[in-house]
Structure formats: C-alpha cells, structure tokens
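I open these notebook entries with the structure itself. My notes on what I looked up follow.

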Amino acid sequence: MRYEDAAWREKQRIRLDVNNVFGTHGLTPAELEAEAPRAAAAIAAVQERRADLGWPLLPDQDVTPFEQFAAAHRDRIDTFVVLGIGGSALGNIAVQTAINGPFYNLLPREQRGWPRLLVLDNSDPELNAGALRMLDLRRTMFNVISKSGTTAETMASFLYFRQALVEAVGEDRLGDHIVLTTDPNSGFLRQIGQREGWTMFDLPPKVGGRFSVLTSVGLLSAAMTGVNIRELLAGAAYGRELAANPDPLRNPAALGALINYLCFRKGKPIVVMMPYANRLRDVADWFAQLWAESLGKAVDRQGKPARVGQTPVKALGATDQHSQVQLYMEGPYDKLINFIAVEQYAETAPIPTAYADLEGVSYLGGHTMAELIQAEQQATAIALSEAGQPNITHIFPEINAFTLGQFFMLMEMQTAIAGELYDINAFDQPGVEAGKINTYALLGRRGFEERRAAIAARAQALDSRWVV
Ligand code: PA5
C-alpha cells in the first residue's frame, strides 16, 4: 500500500501557510509566540484525553466488517441511501464528493463499479417524496444512522421509507434493505433493530456526531461506494501524528486553533472556509458544523458566561470570487479567511488555443484549468492580504483518501485544541436541545404537554400587526 511508504506519506502532508495572517488587521508573530505556552498546554490536554474522547483512536480500528458488508451487498444494490442528519450525514457527503467526485452518481454502473449514494439529510417532504419516486426500492438499501436513535428527522425518514419498502418488497424482506448504525446500548433505533433482527453497526458511545465521520457512520457508505477506507484511516493516523507535536508553532492543528482563537479575541467572529476545488466543497460544509456546534458556547467549563465561537461561512473558489469576495475585500475586518489550495489536481483540463487576435481570450490558450484556478487562489490571497484581510492557506498536495482523512483529523484536533483555549466544552451541544423539545411538543409527543401549553400561550401573545 502506498500509504505504508514514509516518503509517500511525507509527500502527502497537508501544509498550513499562515504568512498572510500577519498585518495591520491581523496578528503579529509576537502575539502568536506570547500565547504559545497556552497552546502547548492545550495540545497536552487534548493528548491526555485521547482515550476518553474516543475519536482520536479511530484510525486504529479494524475496518474489515465494512469492507465485507460492502462486498457482500454491492452487486444486488443500485443505490445506497443514508438517512441521517448533522454529524450522521455531513461526513458521508464530504467523503463522497471528495473521493468519488461530483458526477459519480451520474456515471453508468459499469464505470462506477459500486452503488450510487444518496444522503437524505432533511425532513423536507419534497426531498423525500422525490427520492421515493426516483428509486427502484427492490435494488435499494437504506442505512439509517442515528447515534441517539431518537432524532425526529431521521426517524420520520426511516418510517417513511420503511412503509414504502413494505409495499415494494414485503415486510419479511425488510432486513435485506435496511441496515442500522446506532449506539450499541441505547436508543429506539437499537430497540427496533433488535426486535426486527436487522444488521446493525455500532457507533462508539464516546464519539459525538460531528466527530464521527471515521466511525461506522462514514465508513459504511464510503466502503459501499468503493472508497479506500484503509487509506482514509492511514491519513487520519498521519494527521493525528502531526497534531501531537508539542510545539504549537510547528503543529498545524494547534497553530490553526491559536490563530482562530486570537482572531476571535481581536474582533473577528467569522471564519470562512474556501476550498478551490469542487471536490472539497462539502468538506467545508462538514467543517462548518464541526466548528459551529463545538465552539459556539454560552458558558465556560466553570459555568461562567462565555458567549464564544466564530460563525463559519462556506465558500467555493473560484465560484465565490464572483459572489462573496467583494465583501471579504472591502467589508469589515471581521473575518479570518481559510483557503484550501490543491497542488496537483487529478486532471488538468488543458485550455485550447483559439482567437489569436483577441488578447482578452487568447492569453488563456496553452494554459490548463488547473493553472487558472491555482492562479486565482493565489491572486485572491494576495489581494486580500494587501487589503489587510488576514487569511491562511491549507495546502493539499492532492485530493485523495489519505489527505482527506488527514484533514478530518487535523480539523478535529484543531477544534479540540480551540476548545481548550476558550476553556469551553467542545463536545456537547446544549443549544440544539431547546428546538428539539419544541418540535416534540408541537407534534404532540407524550411527556411534552407542558411545553406545548407554553408554546400555545406564546402564540396567543403574538401581535398580528407584526406579520406583514
Ligand atoms: O454533532 C452532533 O452531535 C449532531 O449534529 C448530531 O449528529 C445530530 O443531531 C444527529 O444526531 P443523531 O445521530 O443522534 O441522530
């Protein structure tokens, strides 16, 4: 395997270039150096908690069960459908787009070799009904993913497609079309799986949703679509090694955490993640959840008011140069922009020469689209830097399973280290509970009558003049 070769691994190292963070509205090297001891302590704290957190140990797991399951079912399945939301879906989508590319599902089966992947991560009725109209249920398998086994959106989709399957293949064949991924000990999904005798994959109890892409959550659908999950985990192991460097100024996860933390403290509450590759656009989406849900907290670990966390913005280069970059250039100095640059794209797409007399077009001829997008990334970074807008660049040597796994781990470590710097709990999400409880109350779930009454009273008090 190429990832067993140390020289190859070193060539695939993602580098973090922070030169453009320095400047009038950014940081100074002295500020980074002054905070380095705190960042070193944060690295040590995260390293100490590796076993307790669970996700840092994921690169060491045995992935044979996922590969065996995929090999056993790939030929009888046209479409593998993930039903999940948040941390039970975003990583699956990110892996799929990054490794198989945006057109994978549109390729003929002979070219793909593996089933199509659909991730239905919303209770949007038109999304679910539209998918149902399109699928041949006799050749479809549903992977219902919910750690808690109670999430309303996921359970509703499960009930919806379960009924459709009963009608299409019969109740006694459901087990051929449904596989569950959930907590090994608790939750309604576990109870259902046990009652029905369906195949279930365990989700390590310690690993929270947004840190679960490298568990059964992300690995089963990845294996089902031919992704090299061993290389993905080898990359994550390599990222873990880089993030264990005790010197925060040589450790990309710690340096990233420190820069984000200091930028936040210096009035930059927004972080932009802008990959220059369509294959990485969903990785930006995955990062947005990781960063927002982990670091957006009202109180610190002592329970004192904190109100911290940067708002993540997802952008795509070069597309969003024609949409958001005007704001990044001339708007407030309230952002840290993260570029993702790619050194070697899998394809270069040469630009043919034509219209030699028209300089505004002919200069492109003889170059490649790879050169163009790389030039655009560099040009934008320089322009922002000269405009005083701090930015940093994550440099992917290539996009492959190894670099993707590495980036997942680096960003998870960066998040954990940032949590230490803010002194908040990066692994809970109390802020999403209130909305869930209100949903239960509105749908009449037993036990939520009091909340339902409170919502009704609130509705009574609303003034219709303010609905225009
Ligand atoms: O990161 C998280 O914990 C959340 O985004 C969850 O993944 C999301 O709410 C789905 O939860 P569950 O997997 O329990 O259905």
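I located histidine 322 in the loop between strand S10 (311-314) and helix H14 (325-330). I took helices (H or I, at least four residues) and strands (E, at least two) as DSSP runs, numbered from the N terminus. Alanine 318 also has its place in the loop between S10 and H14. A cis peptide bond joins glycine 317 to alanine 318, with omega about 0 degrees.

I noted the basis of these entries: this is a predicted model, in which local features need pLDDT of at least 70 and side-chain atom pairs count only at pLDDT 80 or more, while totals for chains, interfaces and linings use all residues. Residues are numbered from 1 along each chain as its sequence is written, and side-chain values use heavy atoms, with hydrogens and water left out.

I then consulted the UniProt record, an unreviewed entry, which lists Glu293, His322 and Lys436 under "active site". UniProt positions are given in the numbering used here, feature names are shortened, and annotations may be inferred rather than shown by experiment. These positions are spread over 144 residues of sequence and also in space, with up to 37.1 Å between C-alpha atoms.

Phi of arginine 307 is near 50 degrees, a positive value in a residue other than glycine.

I next looked up the division of the chain: domain 1 covers 2-51 + 231-422 and domain 2 covers 75-225, with bounds from an automatic or database domain assignment. The C-alpha centres of domain 1 and domain 2 lie 30 Å apart.

What is the area buried between domain 1 and domain 2? I recorded about 1,800 Å², of which carbon and sulfur atoms give 68%. Buried area is the accessible area (1.4 Å probe) that two parts lose on being put together, summed over both. Arg279, Asp282 and Gln289 supply 30% of the area that domain 1 buries against domain 2, more than any other three residues.

I found 23 residues of domain 1 in contact (heavy atoms within 4.5 Å) with 18 residues of domain 2. Across this interface of domain 1 and domain 2 the rule finds one salt bridge, defined as a side-chain nitrogen of Lys or Arg within 4 Å of a carboxyl oxygen of Asp or Glu.

I also noted that arginine 210 forms a salt bridge with glutamate 293, the closest N and O atoms being 3.1 Å apart. On the side of domain 1 that touches domain 2, H11 (229-242), H13 (281-295) and H17 (401-422) are the helices that give two or more residues. H13 provides the largest share, eight residues.
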